[in-house]
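Hello,

Here is the structure I promised to pass on to you. Have a look at it first, and then read on for what turned up in it.

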Amino acid sequence: MAVAWTGVMLAHAGVAQTTGSLDAWNRDARAKFAAQRFGIFVHWGIYSTYAQGEWYLQGGGGRIDEAAYARAKDGFYPSKFDARAWVALFKEAGAKYLTITTRHHDGFSLWPTQADDGYNIAQTPFRRDVVGELAAACTNAGLQINFYYSLMDWHRKDYPAGRASKSVLGEQVGDYASYRKFMLAQIGELIDRYRPGNIWFDGEWDHAQFNARTGQWERTLDWKFDEIYDFIHDRKTLVANNNHQPIRAKEDIQLFERDLPGDHADLGFSRHQPVTNDRPVEQCDVLQHQVWGWKLDERKFRTAEEVVAMIARSAARGANMLMNVGPDGSGALPPQCVETLKGVGRWFARNGESIYGTEGAGVGLAKEIVSTRKGDVLYVHFLDPKATRFAFKYEGEIRSARCLATGAPVQVERTPSGVAVLTIARETGDDFDYVVEVR
Ligand code: GLC
């Protein structure tokens, strides 16, 4: 007989459900995305050559102006860039998709776009189509490619400057109709040429500010998102927007940047609204602490253990984890990133089924122990080496409990009141995230 267990079910713990009127392609694409559970985010562009993070132009403390910064394109020759090697490593790590910054806030495009004035990869000595090579490598390796695309732009004359771009653009009024036309032309190229799973917007907050006094979002630009989103949906592609706001009707994925609801409960706040919608959820975070684009300094990189725990904790809340890496200006991934990703891959090779295609099980949402489920199978993740016992309420019969990676039986005690207690005995060589499969 099947096991059923009780716990606080989260509103978003499931794979996305339909909202009735969704087209079949859209429903399927959302479900496919949610089942993937783990992706790699890559921040890479001409900023990587400065090794100061992706905000260097704006955050460079006035050390560099836009014209000087843009000249980096004339020397951009990342001789170590190898799309197939990147994608092979991401696949080895266990990722099911790659989200690449096709065009970040600096406005430089990583594909030979015909929609702009020449601020793109085709105008560098490198000339190769980075986005195209990555898309082909993903297709060959069976990974999905997705496209980060910045709404904010620190380069173009038609972009209306907002609060985060004025330090570069000054009080530039711009011409939003012209800028929107440009964006649609680029997005059309990206989708028609490379077939991404989603367009992942960022930078809307350049024109939105939360007024704590009134409790309202104040907008300084009408982006006309309906038109942009319809354009993308007409091309059977999902829409995501990293705007730190409650989701709009036409957005397909609920994003969280370095946060999931509840993650900051210990601090007494969560930066974001609780998830009360039916969308797949994706949390993004960084492998090199604090920065997305490559930064040469002493900051630490996360270990494989930390990344696995973040993935498990996301999955337990019904969310995908999009883990970012920032290759350097030569196209090489920092050795610490490679080491971490290989370690994550070793864990996935033994425990992947406890993540892919699962839902949050709603029991054990502490930092030390979380759980996922697939149908009747419960996966309990022991994330802390000191945690060895876990109790949960269940109904029906528990037929087996075993270590997922090794098959070793795990002790289960059952109380008359319907509580099961798992006790694990870790052996040398067991995984940091020790997963017990309960059937
Ligand atoms: C923030 C940053 C941006 C980064 C993004 C990733 O919006 O401005 O640089 O790309 O986070 O989520």
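In which loop is Arg37 found? Arg37 sits in the loop between α1 (24–36) and β2 (38–42). Helices here are DSSP runs of H or I with at least four residues, strands are runs of E with at least two, and both are numbered from the N terminus.

Before the rest, a word on the ground rules. This is a predicted model, in which local features need pLDDT of at least 70 and side-chain atom pairs count only at pLDDT 80 or more, while totals for chains, interfaces and linings use all residues. Residues are numbered from 1 along each chain as its sequence is written, and side-chain values use heavy atoms, with hydrogens and water left out.

**Two arginines with positive phi**

Back to Arg37: its phi is positive, about 65°, although Arg37 is not a glycine. Arg37 counts as buried, at 1% relative accessibility; buried means under 20% relative accessible area, exposed over 50%, and partly exposed in between, with a 1.4 Å probe and protein chains only. Arg195 is not a glycine either, yet has a positive phi of about 55°. Its place is the loop between α7 (176–194) and β5 (198–202), and at 53% relative accessibility Arg195 counts as exposed.

**The ligand site**

The ligand is surrounded by 13 residues, and the closest are His43, Glu54, Trp55, His104 and Asp202. The shell divides into six nonpolar, four polar and three charged residues. In that scheme Ala, Val, Leu, Ile, Met, Phe, Trp, Tyr, Cys and Pro are nonpolar, Asp, Glu, Lys and Arg are charged, and the others, Gly among them, are polar.

His104 places a polar side-chain atom 2.8 Å from an oxygen atom of the ligand. For Asp202, an N or O atom of the side chain is 3.0 Å from a ligand oxygen atom, and for Asn242 a polar side-chain atom lies 3.3 Å from one. On its own the ligand has 310 Å² of accessible area, and the protein covers 94% of it; these areas come from the Shrake-Rupley method with a 1.4 Å probe, and for residues only the protein chains shown count as cover.

Strands of a sheet pair through backbone hydrogen bonds, either parallel or antiparallel. Here five strands form an open sheet in the order β12-β13-β14-β19-β16, with antiparallel pairing. β12 and β16 (401–403) are at the edges with a single partner strand each, so one side of each has no neighbour in the sheet. Two strands count as paired if DSSP finds at least two bridges between them.

Going across the sheet:

- β12 (residues 359–360) pairs with β13 (residues 369–374) over two bridges, and Gly360 has Thr372 in β13 as its bridge partner.
- β13 and β14 (residues 377–382) are joined by six bridges, with Val377 in β14 as the bridge partner of Lys374. These two strands form a hairpin with two residues between them, and Gly375 in the turn has a positive phi of about 55°.
- β14 pairs with β19 (residues 434–438) over five bridges, where His381 stands opposite Val435.
- β16 pairs with β19 over three bridges, and the bridge partner of Ala401 is Val438 in β19.

β19 is mostly covered, with five of its five residues buried. Tyr434, Val436 and Val438 point one way from β19, whereas Val435 and Glu437 point the other way.

**Other buried residues**

Ile424 lies in the loop between β18 (419–423) and β19 and is buried, at a relative accessible area of 5%. Its C-alpha atom is 6.8 Å from that of Gln411, 13 residues apart along the chain.

Asp278, in the loop between β9 (254–257) and β10 (281–286), is buried at 15%. Its side chain makes a polar contact with the side chain of Arg279 (3.2 Å). A polar contact is a pair of N or O atoms within 3.5 Å; within protein, one must be able to donate a hydrogen and the other to accept it, and residues adjacent in sequence count only if both atoms are side-chain atoms.

Finally, the structure holds zero disulfides, a disulfide being a pair of cysteine sulfur atoms within 2.5 Å. The sulfur of Cys284 has its closest cysteine sulfur in Cys337, 15 Å away, which is too far for a bond. Cys284 is buried, with a relative accessible area of 1%, and Cys403 is buried at 3%.

Best wishes

Note on methods:
A residue is near a molecule or strand if one of its heavy atoms lies within 4 Å of it.
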